[in-house]
Amino acid sequence: MATTSIKRLKEEDPMDGAEREAKKLKSRFHDDSGEDGKTNLDNSEQLSSSQIREMMLNAQKMIEERKRSLNQPPALLKTAPVLSSLPTPAVPKAPAPSSMDERARKIAELQAQIQSKLATSTLATLNLNLPKTVSVPGSTNEVSSEPKPGPLILNADGRTVDATGKEIALTQYTPTLKANIRAKKREVLKTHMGKGSHQQNEEAGSLTESRFFDPRVAAKSALRTRRTFHFHEQGKFQQVASRMRMKAQLDKLQSEISQIARKTGINSVTALALVAPRIGDRKEEEEIDLEWWDSVILQTRSYEGEDGQPNLRQETITNLIEHPIQMRAPTDPLSLPYLPVFLTQKERKKLRRTTRRENWKEKQENIRLGLEPPPQAKVRISNLMRVLGNEAIQDPTKIEAHVREQMAKRLQNHQEANASRKLTAEQRREKKEKKLQEDTSTTGVHVSIYRVKDLSNLSKKFKIETNAKQLYMTGCAVIFKDVNVIIVEGGPKQQKKYKRLMLNRIRWEEDLVKISKHDTGSSQPETRNSCQLVWEGTTKQRNFGDLIFKLCPSEVVAREHFRKHGVEHYWDLAYSSAVLEETEEK
Amino acid sequence: MSLLSGFAITIDDGEIRRHLRQLGEPVTLFGEGPADRRIRLKDLLAIHGNDVIDRKKEDDREVAKQEKDQSETTWYHEGPESLKIARLWLAYYSLPRAKQRLSDFKVEMETPESTRTAKRQEMVKHMRNMNIMCSQVGDGRPISFCQFSPSGNLLATASWSGLCKLWNVPECTLFHSLRGHKCSVGAIVFHPQATISLEPSELNMASCSMDGAVKLWNLESEEPIADMEGHAPHRVSKVEFHPSGRFLATCVFDHSWRLWDLEQGVEVLHQEGHSKPVYNIAFHCDGSVAVTGGMDSFGRVWDLRTGRCIMFMEGHLKGILGIDISPNAYHIVTGSEDNTCKIWDLRKRSCIYTVPAHTNLVSSVKFEKSSGQYIVSSSYDGTAKIWASNTWQPLKTLSGHDGKVMAVDVSPDGSFIATASYDRTYKLWSPE
């Protein structure tokens, strides 16, 4: 109320100063012209005329200043292009002459003013990252440093007003450059989207575009993604290069070795030597000074004391006999298995006879006591006359029908009883499954390793895989040059069936295989395919899941695959026996 | 009538007697027949209640459980004074030998790597050329064991007929036969100094058999010079001499193994610890440690000086039948009924490799005696196989036996391998 009146008095427009004054005077005379906020002033807050005059003088001064400032800068710009870098608050100092001094001072003043103006200008409020060519009427062409959004002040009319109180026309900047137009559109869209999502949640049934936009769908944006730099870590390519070099060296070494071997003819030894380094990390035998089991009974950490006699700790040697905890053997059954009782035929018959007799006797008792009704007479066509003699004479048809009905009922009961005891298809399937499945947790898993020269025949591969699945066996198959290893795990019956499949049913000899040797590269004459059982035995638990084929490009990969399952020794055996066989053939 | 019809008593006389004993009643009265006994049991059950037998069974079960709980901890008991004497002697014997071995090893390591690898390659080539040299019918019954003498010119075989024979090695002619056992002989072993420094009239050999008899022999007479009693009626599967020659270990089927001091003439140690019969034993070259394998699929390493079990070898699925320690003092190999051999490292106290050795059970494994560069394993699939001891890969398969191969041995100089088989023959193998 009072504040607004004061504010109004402070309002100033550099252009319409006189108008403003006129307005003010008018308002003073028309106190109750119905304008908002104009109320009776308190005595304390009434401004004296002197104060008012003062303020008017101030305002005029400011107007003059402003006019001057706005007129001068364009002229200055032609002389001092340095001014274009506005962000530098430091004024570029010009060397000595007085006129230059004055100019410098003026430059500094102007800079400050321009900065302040730009800071409060409308463009700052819009916060656009524009290339800074502002065409605000009357203002400079300099680039503004960081257009911070200044406070948006509105006067009573609702017009935007800057910090000093002067009305500003909010200028809409319309870019002319295509890139800038696009940028502006993007901005607008962004703000729209931001606003739209909020509004949609609040206003039900708003007709904004975002209702038809599904955020779940990842639609390709109409704009192209910006191509950015992909930075690599320092030294990455050096590492890759060194790795490649090492690999090349190793390969060269290996080929050299094999060449030399062929020349000197020590085949088997080198073949084994080639196999050997691949069998993981064999550390060189360590030299130690003291075995740990001796160190327990020694006083110091050496075998002999100073006098050359073994320095024994006498207290460790006693006549105590240890009884360690006895561990249960893995194949020991946890609960004693009860032997099934086998009866002879005579015993079985006697057993059935006695139980049936007992049941019948009991039933008879109940009938005699009257607890149960006596059973119906079992009438057949043959004893019809005997049982139902009188009634039969009177009405034979009915009686015969009755008897036949009884017979039919008896037959139906019998058949129903049979049918109810019969296994359903599902039960039959389950029974068959149960027969095939074997419990391998208590007695250990039987494992077999087969080695095949060539596994390229798809029908044989299918047979291997499907039989393993149907017999509920686990395992894995590795395809590698001419050492294809198939490992299967299961119970003894399953193993027997699988062995018959691999060694008898599948005719491996039908296939002729061309095996390309590792070192020569030229293919050998065609030989017949074959399959050998490398090993069969038992282990504590299964190491594999369902049988799947794995193609391995090198021995190292194959060994690694087996090592992951903990059974690299299976691969070692298969591979070494293949190598040895090869050398023996030669 | 119908009250008693649901309650049945067995007709089996043996069970009726057992039930009566369980109830604490006299099993048979004067002049009582089986039918009368049954009626008496029926009356007793009617008096005491039908479930009295079950109740008694539960009590028994509880007592058994209490006993089992007691065996959940390691406990000790005092042995004879002679045990302490023996242990002290063993300590003083083994420590210098260990020191010597380690310094020898260091010296050996100083030879350049290339010479060592060259030697190994030589050995590999040697082994690859192993082939059958001679075969001889040993006996009328299957031959269960064979061992070379420490000098390498005699081979001892033991058979299921109870007869042990000594053969000259390259000629395969009978040298001597030893009569005395009444049933199948499990093993016959030479004293470490036999044929080298011992007199032929001294104790040279020991053998054990299925009825628990352990007999000591010399090279002259055909009768045993001594009998060791104390094992019967349990079967003794293996005897083994300590490297010093003073002690003799026996593996007994009462789940224990025993150590006998031949100088003091007593049994100094009766060691339990396996939950099933102990099948085989091997001594460390230093003389400080012994390793036993049992039918419970566990191997145990015992320190002979302190009497403790210092390593527990768990990993096999079925019983361990063959066991041996390498001359390099830290590799142990075990052969088992589950068709695999496992290699254990005594320094690391773990299993370092599993060799899927044969397609039937592995009956015996032996390290090469001088440097432990290869292992020979024999199996019931009729073959013996040679494996390199650095990579554990197969070097050669020695096939030729018709039946199961029951035992294998390597001669001390490495020139021969002998296999004894179920087909009543033994064969010698050597490189061509």
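This is a predicted model: local features need pLDDT of at least 70, side-chain atom pairs count only at pLDDT 80 or more; totals for chains, interfaces and linings use all residues.
Figure 1. Strand 8 (residues 205–209) of chain B and strand 9 (residues 214–217) of chain B are joined in the antiparallel sense by 4 bridges, and two strands are said to pair if DSSP finds at least two bridges between them. The hairpin that these two strands form has 4 residues between the strands, and in it B:Gly212 takes a positive phi near 95 degrees. Strand 8 of chain B also runs antiparallel to strand 7 of chain B, to which 5 bridges join it, and here B:Val185 has B:Ser209 as its bridge partner.

**Figure 2. The two covered faces of strand 8 of chain B.** How many of the 5 residues of strand 8 of chain B are buried? The number is 5 of 5, where buried means under 20% relative accessible area, exposed means over 50%, and partly exposed lies in between, with a 1.4 Å probe and protein chains only. On one side of the strand are the buried residues B:Met205, B:Ser207 and B:Ser209, while B:Ala206 and B:Cys208 are buried on the other.

**Figure 3. The largest nonpolar core and the surroundings of B:Met205.** A nonpolar core is a set of buried Ala, Val, Leu, Ile, Met, Phe, Trp, Tyr and Cys residues joined through side-chain atoms within 4.5 Å, and the largest one here has 40 residues, of which B:Ile188, B:Met205 and B:Leu248 touch the most other members. Strand 7 (residues 185–190) of chain B supplies the largest share of this core, with 5 residues. Apart from this core lies another, of 34 residues, which include A:Phe480, A:Val483, A:Phe544 and B:Trp392. If residues up to four places away in sequence are not counted, the residues that B:Met205 touches include B:Leu166, B:Leu178, B:Ile188, B:Trp217 and B:Phe241, a contact being heavy atoms within 4.5 Å. In soluble globular proteins, nonpolar side chains tend to be buried together.

**Figure 4. Salt bridges of chain B.** A salt bridge is a side-chain nitrogen of Lys or Arg within 4 Å of a carboxyl oxygen of Asp or Glu, and by this rule the count over all chains comes to 32. One of them joins B:Arg37 and B:Asp13, at 2.6 Å from N to O; this pair links distant parts of the chain, since B:Arg37 lies in helix 3 and B:Asp13 in helix 2 (residues 13–23) of chain B, 24 residues apart. B:Arg37 is buried, at 3% relative accessible area, whereas B:Asp13 is partly exposed, at 21%. Another salt bridge joins B:Lys165 and B:Asp139, at 3.3 Å from N to O. B:Lys165 lies in strand 5 (residues 164–168) of chain B and B:Asp139 in the loop between strand 2 (130–137) and strand 3 (143–148), so this pair ties together parts that are 26 residues apart in sequence. B:Lys165 is buried, with a relative accessible area of 14%, and B:Asp139 is buried as well, with 12%.

Figure 5. The closest N and O atoms of A:Arg563 and A:Glu560 are 2.7 Å apart, and the two residues form a salt bridge. Both residues lie in helix 17 (residues 555–564) of chain A, 3 residues apart, which is about one turn of the helix. A:Arg563 is partly exposed, with a relative accessible area of 42%, and A:Glu560 is also partly exposed, at 33%. Elsewhere, salt bridges link A:Glu291, B:Arg101, B:Asp286 and B:Arg347 in a network.

**Figure 6. Helix 14 of chain A.** Helix 14 (residues 425–436) of chain A has 12 residues and reaches 17 Å from its first C-alpha to its last, close to the 16 Å expected, the expected span being 1.5 Å times one less than the number of residues. Is this helix largely covered or in the open? Of its 12 residues the number buried is 0, so helix 14 of chain A lies largely in the open.

**Notes on the views.** Residues are numbered from 1 along each chain as its sequence is written, and chains are lettered from A and ligands numbered from 1 in the order in which they are written.

Conventions:
Side-chain values use heavy atoms; hydrogens and water are left out.
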